[in-house]
Amino acid sequence: MQATAAGLPGRFRCGINCCNLRQIERASVSTVNFYDLTLEQLRESLTGLGKEKFRAQQLYQWVYQKGIENFGEMSNLSKVFRLELEKIFHFNLPGVVERVESRDGTTKLLLDVGDGQTVEAVLIPADERLTLCLSSEVGCNLACKFCYTGKRLLSKRLSVSQIVGQFLRATEGLPAGKRVTNIVFMGMGEPLDNPEAVFSSIQVLTEALGIKFPKKKITVSTSGLVPLIPLVTESGARLAVSLNGSNDEVRSAIMPINKKHPIQQLFDACRSHARETGNRVTFEYVLLKGVNDSVEHARELYRLTRSVPNKINLIPFNEHPEADFFRPSQQTVFRFKNELIRLGAHALVRKTMGRDIYAACGQLTSKFPEHPQRMPRDEFEKAGYSTA
Ligand code: SAH
Ligand code: SF4
């Protein structure tokens with residue numbers, strides 16, 4: 001039996017997510033990638049074929065809990081049903097092109113997402129935690145001035161299988177007993193510019209009959225696509241906002257999205273999120289030398305953020321080959337943080353991880369000809385970093 005776009009769940013026909021749509025158009029002449037479907041969608045497509053509802057659960061358990069991709073091995077399904085399934089679905093995850101290890105234990109994976117394009121996912125160990133940083137797009141149209149990813153225009157919105165696939169690929173190489181404890185959508189791209197695939201991926205990752213990843217351990221970071229922030233609230237994931245400026249003037253100068261959705265709108269959305277979920281919002285604040293790093297800026301940041309239950313993550317700027325900004329001195333960074341703390345804010349400086357392999361915040365851009373794999377050792381040391 002041949003799957004057709006018309007016979008598929010509504011999500012694939014809405015046209016919002018052009019990436020998924022294209023994939024399904026391709027699938028209409030072949031088969032559907034199993035990893036693109038939430039459990040609900042799988043149920044819909046199987047019941048549409050006259051199968052019992054529980055069949056979808058059985059398939060999910062085989063694939064996501066037992067790691068079986070071969071219908072022939074799914075012993076609790078009839079032979080006829082297995083043959084039918086083979087004609088409807090295929091399994092396709094992004095392939096690992098390269099795995100680069102930092103001196104600090106951070107691992108960056110370069111993954112093939114088709115059409116000659118790649119994305120990066122980063123595994124960051126810290127004490128008992130192992131955080132996986134996922135990408136949602138190749139390139140990013142929001143063009144924040146300081147961000148390496150933003151230097152490349154959007155060339156692809158990732159599909160569900162390409163997002164969930166980053167998790168599956170990153171975890172398949174882990175030593176026994178090691179598991180990812182936190183997922184952050186802080187890699188390449190703006191998650192709220194690819195909402196359908198991102199929120200469906202969260203459903204797949206957290207499905208009780210599948211991967212069972214805890215929702216509360218997933219954070220979606222946005223540069224401020226304000227009208228879509230309620231989707232984060234609905235999803236049950238945590239919200240992080242890349243603030244980076246303590247007033248509209250500074251923020252608009254470095255983040256063009258602020259001209260469309262200025263700070264007041266952004267904070268209204270953050271307040272609603274905090275009220276509805278009872279969770280704090282994380283504000284990320286990249287410290288750029290001479291731009292937003294003065295004690296006055298710290299005071300303004302405190303006044304701005306205190307109306308929302310929050311924590312502030314200060315990220316000293318990470319340099320990259322196309323940077324027009326500089327990282328402030330350690331002294332400036334700590335003066336800024338100490339001022340926030342003195343005023344009563346919950347602020348910390350995010351530990352820089354994976355900077356030597358261009359895996360730190362804002363350094364991801366995947367592979368293109370001039371992208372170096374590692375920062376030259378002398379540059380890394382000059383910037384005050386140990387190479388031990
Ligand atoms: N597009 C989303 C998700 C990416 S998260 C967002 O912007 O929130 C990437 C985080 O790294 C953001 O908080 C961003 O402000 C920060 N960032 C970008 N470029 C950086 C750089 N060069 N150094 C340090 N942080 C950077
Ligand atoms: Fe895009 Fe986020 Fe980079 Fe801005 S900081 S360009 S929104 S990835």
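In this predicted model, Glu 40 comes out as partly exposed, at 43% relative accessibility. Its salt-bridge partner is Arg 43, with the closest N and O atoms 3.2 Å apart. Both residues sit in helix α2 (residues 39-48), three residues apart, or about one turn of the helix. Arg 43, at 17% relative accessibility, counts as buried because the cut-off for that label is under 20%.

The side chains of Arg 55 and Glu 52 meet in a salt bridge, at 3.2 Å from N to O. Here Arg 55 is the buried member, with a relative accessible area of 15%, while Glu 52 is partly exposed at 37%.

Then there is Glu 137, which pairs with Arg 157 through a salt bridge of 3.8 Å, N to O. Glu 137 belongs to strand β7 (residues 137-138) and Arg 157 to strand β8 (residues 156-157), so this pair ties together parts that are 20 residues apart in sequence. Glu 137 is buried, at 0% relative accessibility; Arg 157, at 21%, counts as partly exposed. Salt bridges also link up into a network, made of Glu 296, Arg 299, Glu 339 and Arg 342. The count for the model comes to 15 salt bridges.

Arg 179 is exposed, at 58% relative accessible area.

Another loop residue, Ile 211, lies between α6 (195-206) and β10 (218-222). With 18% relative accessibility, Ile 211 counts as buried. Leaving aside residues up to four places away in sequence, Ile 211 touches Tyr 64, Val 164, Phe 167, Leu 168, Val 204 and Leu 205. Take Phe 167: this residue and Ile 211 are 44 residues apart in sequence, with a C-alpha to C-alpha distance of 10.0 Å.

Zooming out, the chain has 13 helices and 14 strands. Of its 388 residues, 57% count as buried. Among contacts with a sequence separation of 6 or more, 65% come from residues 24 or more positions apart.

Conventions. Residues numbered from 1 in each chain as written. Chains lettered and ligands numbered in written order. Predicted model: local features only at pLDDT ≥ 70, side-chain atom pairs only at ≥ 80, totals over all residues. Heavy atoms only, no water. Buried < 20%, exposed > 50% of the residue type's maximum accessible area, 1.4 Å probe, protein only. Helix = DSSP H or I, 4+ residues; strand = E, 2+ residues; numbered from the N terminus. Contact = heavy atoms within 4.5 Å. Salt bridge = Lys/Arg side-chain N within 4 Å of Asp/Glu carboxyl O.
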